[in-house]
Protein chains: 2
Amino acid sequence: MKKFYVGIAGIIEKEDKYLILRRSNEKDFLPNTLEMVTGRLEENEPPELGLLREVKEETSLDVSIIMPVHTGFFYRGGKEFPMVFIMYWCLYKKGQVKLSWEHSEFVWMAIDEILAEKELEKFHDMFKKVSRLKKHLPEDFLL
Amino acid sequence: MKKFYVGIAGIIEKEDKYLILRRSNEKDFLPNTLEMVTGRLEENEPPELGLLREVKEETSLDVSIIMPVHTGFFYRGGKEFPMVFIMYWCLYKKGQVKLSWEHSEFVWMAIDEILAEKELEKFHDMFKKVSRLKKHLPEDFLL
């Protein structure tokens, strides 16, 4: 079947720091690991709306989407769960972080801290992409 | 069902012009209309590999992917065909355009020509995004 689950994820930037979350112990997949906001599109849901919904549900923040920066594919658990994912770079707009049951902790980290953190290794490429873009784009750039 | 078909598409740039194709009369969906390289991911296929496969099949060109620039959702035909799509900006590497049965014509167009072409109206936002990025990024930039 040429159909996929679609994951969306957000690298949320606020004053040159990025929101990192720890998955709850209650999660069935990768409990207790560090990540960004992530989620899965609902039926017939456009990806950017799905991302804003997930950001709100998981952090209660309002953000603007700067642009998509990374796409990929993986199996979430087993072969019956093929997932295409799209990672967006987002800019903090307003609100205070309030976590849902899905996460147990949050921290705002600078890129060099993230790139030094072994637990975030699988996300390093995505943060390097954000870093490469930031070298050239104006601060208020939204694609 | 929270599953989607995943469409991938490529805006291929060569010397500040972009490859526009005309869909064949034989296509079941939107015959005879202008578009870029587009396709659908095969079972378990990562999106960037799927894009390079489609570019090769439809144009015989080799390209580098610069970055994803646009994502969206639509129904291809009916409600039973929900599709998430990812549009990538690509840089021509080598080869000469050879069309498959899927297209009847091709032309390389400058962005201002594309933005003046009514038949390409639904792609204008994506080309404006490429144009905004090009203002800031170095010529050889690959994300």
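Reader: In which sense do β5(A) and strand β6 of chain A pair?

Author: This is a predicted model, where local features need pLDDT of at least 70, side-chain atom pairs count only at pLDDT 80 or more, and totals for chains, interfaces and linings use all residues. Residues are numbered from 1 along each chain as its sequence is written, chains are lettered from A and ligands numbered from 1 in the order written, and side-chain values use heavy atoms, leaving out hydrogens and water. Strands here are DSSP runs of E, at least two residues, numbered from the N terminus, and two of them pair if DSSP finds at least two bridges between them. β5(A) and β6 (residues 82–94) are joined over 12 bridges, and the sense is antiparallel.

Reader: Okay, which residue in β6(A) is the bridge partner of A:Pro68?

Author: Let's pick out one bridge. Look across from A:Pro68 to β6(A), and you'll find its partner, A:Tyr88.

Reader: And which residue takes a positive phi in the hairpin of β5(A) and β6(A)?

Author: The hairpin has 6 residues between the strands. The phi to look for is near 85 degrees, and it belongs to A:Gly77.

Reader: How many of the 14 residues of strand β5 are buried?

Author: Buried means under 20% relative accessible area (1.4 Å probe, protein chains only). Strand β5 of chain A covers residues 62–75, and it's largely enclosed by the rest of the structure, because the buried count is 11 of the 14.

Definitions and conventions. Buried means under 20% relative accessible area, exposed over 50%, partly exposed in between (1.4 Å probe, protein chains only). Helices (H or I, at least four residues) and strands (E, at least two) are DSSP runs, numbered from the N terminus.
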